[in-house]
Amino acid sequence: MSNNNLLLRVVLLVLLQTCTSCDSVHCANSNTRTSFGSFALKFPMTRLRGGRGIDFSGKEGAKMRFKTVTCPDKTLALTNKVVMSDDDASKLTSEASPHGLFVKIGDFIFQVEFSSAVSAGNVGMNMAQRRSLKVSTGDEVELTVLIDVPCDNLLVALCDVSVDFAGRSQACDPLSCQQVASSILDRLKGQIVTVGQSILLDVQGLNVIFKVTALSVFKQKPSALTEIEVKQAWGSGLVAPHAILGLIDSVSQISVSAAKGSALQLKDSVQGSHPHQVRGSKLFSPEFSLESLGIGGLSSEVGSIFRRAFASRVYPPSVLSRMGLKHIRGVLLYGPPGCGKTLIARKIGKLLTDREPKVVNGPEVLSKYVGQSEENIRNLFQDARGEYAAKGDESGLHVIIFDEIDAICKQRGGASDGTGVGDSVVNQLLSYMDGVEELNNLLVIGMTNRKDLLDSALLRPGRFEVHVEIGLPDYEGRSEIARIHMAGMESGNHLDEDVTPPRVADSTENYSGAEIAGVCRAAASYAFDRNIKVAGGHLSPQDASAVKITWEDFEQALEEVKPALGADQENLSRMWERGFFSFGERFEEIVRAVNTFVHQVRDGKTGARSMSLLLTGAPGSGKTAIAAHIASSSNMPCVQLVSAESLLSMSEQSKARAITEAFEAAYRSSQAIVILDGIEQLLGWTRIGPCFSNIILQTISVLLKKSPPSNRRILILATTSNEQALSELEMPELFDTCIEVPTLQDKEILLVLQHMKVFTEEDLPRAVELLGGEQIPMKKLLTLIDLARGGNDKVTVEDLQQVLNYIKSS
């Protein structure tokens, strides 16, 4: 059993066991489902109409044909018994079991009652029985006697029924679920019922008809039919759902709900005589697992959603009414693209068994016609409003899912189109989620990548009260996701032995679920390509069954599919494309100091979750190369680079937003580095004035002081060539440490030239003499060597002298 499936079941079982003081019979919502486990009772199949199977572990006796007549007795008509003549008793009673004589007619099982009011050769049935069997009075039916029915193996633990008027709808007070359930137990004790069967019932002088919708039976009869024994049977998993038929007994629990579309109203009651096990609402299908639905790495998030949004709905409405509580009406899922927000919403329809949720793509609500957008919102809530008006708290759950909700719910007052449609749509949604007219049968789920764009009124408690971040998966999550997407490859024997989900998880740090799926598809494409042959101008697979996906295919796929929130190694490596050379002790001290910050953030040895470092120095001294090289080799899963080049042609507001997004992306990773390259250029600093962007200054200042979310750690590396400008703006004080990257002295120039190996040993002293005399930045030194080299591997002193003379003269 998978961990995520176990989590939900344990939560549900705890909820059920904590309510054992309530009655076992209650009113469930008319359109809900629940889960008690994944056990299935296996029956040897006797094929019947509709494909149902029944196992009696006994034998079928005589088959006889009888004529259908009406039931002669009103009391017997309100049971699940058929009535036969006393004259026929001698033919049948020898086959009776201790519980009585049972016969099979069509798909259903009935107990036989004998009466002199029925003529020989006839069988009396009530209206509900004839309706279930689709026969009329006067029709002949075949009756099969059942021998040795093992009633102890068919003992009903739980019977779900839906109730409706037997005839025309009548004006009456709401019926108590307790009274309905007690009437069912009193009338049907010792009788067998079948899923899909309709049975007449009298409740407070009102004729109703109920239909058996689901049955769960005890896998083995409790040794003593006491409250404690029955509770232990539920708690130890000895109750099997999905039974086709079962025998009603005093320990059986009845869950009552109004039939779909019925005008009959029910009221909940938690007082009764059967406190063996509390029945929750029937919200989820009995058998599901997140992995089988294709959801991996989100067990904690789904568990949080269940606890906040669905756990309270397990209880009868009267429990929340006594406590003065309301259900959660809104859940907001937010996070980076590809992490599973839409997947969760898409799969919720498979978990909720009775009514599928309404799924709305945000922009499709909008319309070009005046007032149509607001009407589209009203139409989404119309079903929930109508049912709540008719049934109140007994109404079923209505789920509405908004994908990309930021498209229609932006902050009010910020639209520039002048139509005000966006504001009206937000107002309409606010009023339905938590306005004057409350809807307690509603759950709205919204998904967005941009939580910051949503109107603040939507995010308060009572509306989108629960905010769940769907972030990047951890190692266990990546293993689950890889296992899901590799399941078909593995079952078809298309994977090499060295390709395993844990190994894929190790290689996909900072990958989203969608990106891991992309890696699996890319790896498969290499295997497909390797197995294609060309014959007669046509492409065809050599042998489809022989396709093998190797770890080499995955390595190529990892090079091809890069994480959006990872480290852009190609862009970082451009920062030292001319080489990265040590120039002595001062260089090593700088590298050691920066690496100390890296290790503290990566290893989590300090309490601070955010650390910052400013590299200062003359233009071209190598500040950017040092920051980029150390970040690239740090093994940090996420490195964000913000430079003036990446913000080119943006407005001030757009630049501030881009810088903020870089930090937000870093916050989504457990460990990250953000490089602010040329911070004075990001600010737009110029000496004339002086002039700079106050918006960007305030943005950077706030982000430098902001602490990342819990369990996240970030290192900020900034560079500047104008420390004086930053001092005037009081920015150096915002950093934990400032380190100066110096220009090169003669001995340091010698070390760099030795590392470059472009001069002969004899020319090195003369080259240092030409380049020395005054300190030179690293970038200028590399530029002079490149000019002197002219495409050659070696540089002569004459070539260098010529370049220096040209530069001086110009």
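So, secondary structure: the chain has 26 helices and 28 strands. Keep in mind that this is a predicted model. The chain runs to 810 residues, and 53% of them count as buried. If you take the contacts with a separation of 6 or more, 81% of those are between residues 24 or more positions apart.

Okay, on to the inside. The largest nonpolar core holds 53 residues. Who touches the most other members? That would be Ile 673, Ile 675, Leu 753, Phe 759, Leu 771, Leu 781 and Ile 785. Helix α17, residues 585–603, is the top contributor to this core, giving seven residues. And the core takes in two domains, with at least three residues from each of domain 5 (568–740) and domain 6 (746–809). As background, nonpolar side chains tend to be buried together in soluble globular proteins.

Let's zoom in on Phe 759. Skip its neighbours within four places in sequence, and what is Phe 759 in contact with? Leu 753, Leu 764, Ala 767, Ile 785, Val 795, Thr 796, Val 797 and Leu 800. Two of the names there, Leu 753 and Ile 785, were also on the list of core residues that touch the most other members.

The largest pocket has a volume of about 810 Å³. Its lining is made of 31 residues, and nearest the centre you find Met 575, Gly 620, Thr 624, Ala 625 and Lys 779. Which elements give two or more residues to that lining? They are α18 (623–632), α20 (679–682), β27 (713–720) and α25 (778–789). Of these, α18 gives the most, with four residues.

Asn 493 has phi near 60 degrees, and it isn't a glycine. You'll find Asn 493 in the loop between α12 (475–491) and α13 (501–507). Buried or exposed? Asn 493 counts as exposed, because its relative accessibility is 51% and the cut-off for exposed is over 50%.

Then there's Ser 649, again not a glycine, with phi near 70 degrees. Ser 649 sits in the loop between β25 (638–643) and α19 (652–667). With a relative accessible area of 76%, Ser 649 is exposed as well.

Key. Residues are numbered from 1 along each chain as its sequence is written. This is a predicted model: local features need pLDDT of at least 70, side-chain atom pairs count only at pLDDT 80 or more; totals for chains, interfaces and linings use all residues. Side-chain values use heavy atoms; hydrogens and water are left out. On a 1 Å grid over the protein atoms alone, a cavity is a set of points where a 1.4 Å probe fits but cannot get out, and a pocket is an open set with protein on both sides within 12 Å along at least five of seven lines; lining residues have an atom within 4 Å of a point. Grid points are joined across faces, edges and corners, and a volume is the space filled by probe spheres set on the points. A nonpolar core is a set of buried Ala, Val, Leu, Ile, Met, Phe, Trp, Tyr and Cys residues joined through side-chain atoms within 4.5 Å. Buried means under 20% relative accessible area, exposed over 50%, partly exposed in between (1.4 Å probe, protein chains only). Domain bounds come from an automatic or database domain assignment. Contact means heavy atoms within 4.5 Å.
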